Every structure is written in C-alpha cells, then in structure tokens.
Amino acid sequence: MIRVSMTSLVLVLVCTSAGLVILLWLLGEWRRSRREARLRSRSRKCPLCFFEFLPAPAPPRAPCPRCGAPTE
Ligand SMILES: [Zn+2]
C-alpha cells in the first residue's frame with residue numbers, strides 16, 4: 001500500500017480542484033469570446049446613427065431598425 005501523509009493528500013486534492021476550476025473558467029471565457037466574435041461579425045452598424053443591430057435572417061443590406069437608413 002502507498003503511504004501518503006495527510007498534508008500531501010490534502011495538497012493534491014486542493015491543487016487538483018483548483019486546476020479544474022481554472023480550466024473550466026478558461027473554457028467558459030474562450031467560448032464566450034467566440035460567441036461574441038461570431039455575433040459581432042454578423043451585426044450591422046448604421047452609418048447614419050451608429051446603431052448596431054443584428055438582422056434576423058441576415059439579409060445583405062438590412063435597413064437600420066432605428067432610423068431606416070440602408071446599411072452595408
Ligand atoms: Zn440608424
């Protein structure tokens with residue numbers, strides 16, 4: 001049987017759980033930044049009032065929902 005002191009056992013458990021929490025946090029941040037970048041790439045900005053919006057079916061030239069100006 002492997003003899004392990006209580007201190008090292010607690011240390012290993014704490015380090016493992018802290019590493020898991022940090023790994024999950026980094027994964028969540030990475031997924032959030034990917035989602036925001038995808039939304040930003042699909043969003044349109046009105047050249048008249050600078051209002052940013054997301055056209056529902058993403059037509060190539062959706063008019064601004066606030067002022068009706070055509071966007072690119
Ligand atoms: Zn506008």
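In what order do the elements of the protein run from the N terminus on? I read them off as α-β-β. That makes one helix and two strands. I note that the model is predicted.

**Overall shape**

I looked up the extent next. The C-alpha atoms fill a box of roughly 75 × 20 × 15 Å along the principal axes. The radius of gyration is 24 Å, whereas a compact globule of 72 residues would have one near 11 Å. Buried residues make up 4% of the 72 residues. I also checked contacts with a separation of 6 or more: residues 24 or more positions apart account for 11% of them.

**Helix 1**

I turned to helix 1, residues 6-42. Its 37 residues should span 54 Å at 1.5 Å a residue, and the end C-alpha atoms are 54 Å apart, so the two agree. How many of its residues are buried? I found zero among the 37, so helix 1 is hardly covered.

**Phe-50**

I found Phe-50 in the loop between strand 1 (44-45) and strand 2. Its phi is near 60°, a positive value in a residue other than glycine. Is Phe-50 buried or exposed? It counts as exposed, because it has 9 C-beta neighbours inside 10 Å.

**Glu-52**

I went on to Glu-52, which lies in strand 2 (residues 52-53). Glu-52 has 12 C-beta neighbours inside 10 Å, so it counts as exposed; the cut-off for exposed is 12 or fewer. Leaving aside neighbours within four places in sequence, I see Glu-52 in contact with Ser-43 and Lys-45. Last, I checked Ser-5, 47 residues from Glu-52 along the chain. Their C-alpha atoms are separated by 59 Å.

Methods: Residues are numbered from 1 along each chain as its sequence is written. This is a predicted model: local features need pLDDT of at least 70, side-chain atom pairs count only at pLDDT 80 or more; totals for chains, interfaces and linings use all residues. Helices (H or I, at least four residues) and strands (E, at least two) are DSSP runs, numbered from the N terminus. A residue is buried if 20 or more other C-beta atoms lie within 10 Å of its own, exposed if 12 or fewer, and partly exposed in between; C-beta atoms are placed from the backbone. Two residues are in contact if their C-beta atoms, placed from the backbone, lie within 7 Å. The expected span of a helix is 1.5 Å times one less than its number of residues. The radius of gyration is taken over C-alpha atoms; the globule rule is 2.2 Å times the number of residues to the power 0.38.
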